[in-house]
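Please look over the sequence and the structure shown here before reading the notes that follow.

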Amino acid sequence: IGTYTDSAFSALKVYQIDEHDYKIRYMWFYDGRPDSRMTTANIKMTLAGRPYFTTRGHRIHLDEVIREHGLGAWL
């Protein structure tokens, strides 16, 4: 669905967003190679209504994910 770049070498790839159960499936990559297993996280909302999920101790907002096919109703 899209990617989020953390640094020049590290990136997160989003594979699925479940808008009904508020879940996201993603995997981390380092230098083009998998750096984690496929992971599922809960999507939460900020007080301003901005959707995000937490991974590796960081908050990732869905509007920061570079979209390849769009994120449906989330944006």
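A residue is called buried under 20% relative accessible area, exposed over 50% and partly exposed in between, with a 1.4 Å probe and protein chains only. This is a predicted model, in which local features need pLDDT of at least 70 and side-chain atom pairs count only at pLDDT 80 or more, while totals for chains, interfaces and linings use all residues. Residues are numbered from 1 along each chain as its sequence is written, and side-chain values use heavy atoms, with hydrogens and water left out.

**Tyrosine 30**
- Tyrosine 30 belongs to strand 3, strands being DSSP runs (E, at least two residues) numbered from the N terminus, and its relative accessible area of 46% makes it partly exposed.
- Leaving out residues up to four places away in sequence, tyrosine 30 touches Phe9, Ser10 and Asp35, where contact means heavy atoms within 4.5 Å.
- From C-alpha to C-alpha, tyrosine 30 lies 9.8 Å from aspartate 6, although 24 residues separate the two in sequence.

**Threonine 55**
- Threonine 55, in strand 7 (residues 51–55), is buried, with a relative accessible area of 5%.
- Its side chain is joined to that of tryptophan 28 by a polar contact of 3.0 Å.
- A polar contact is a pair of N or O atoms within 3.5 Å; within protein, one must be able to donate a hydrogen and the other to accept it, and residues adjacent in sequence count only if both atoms are side-chain atoms.
- Beyond four places in sequence, threonine 55 touches Leu12, Tyr26, Trp28 and Ile60.

Key. Helix = DSSP H or I, 4+ residues; strand = E, 2+ residues; numbered from the N terminus.
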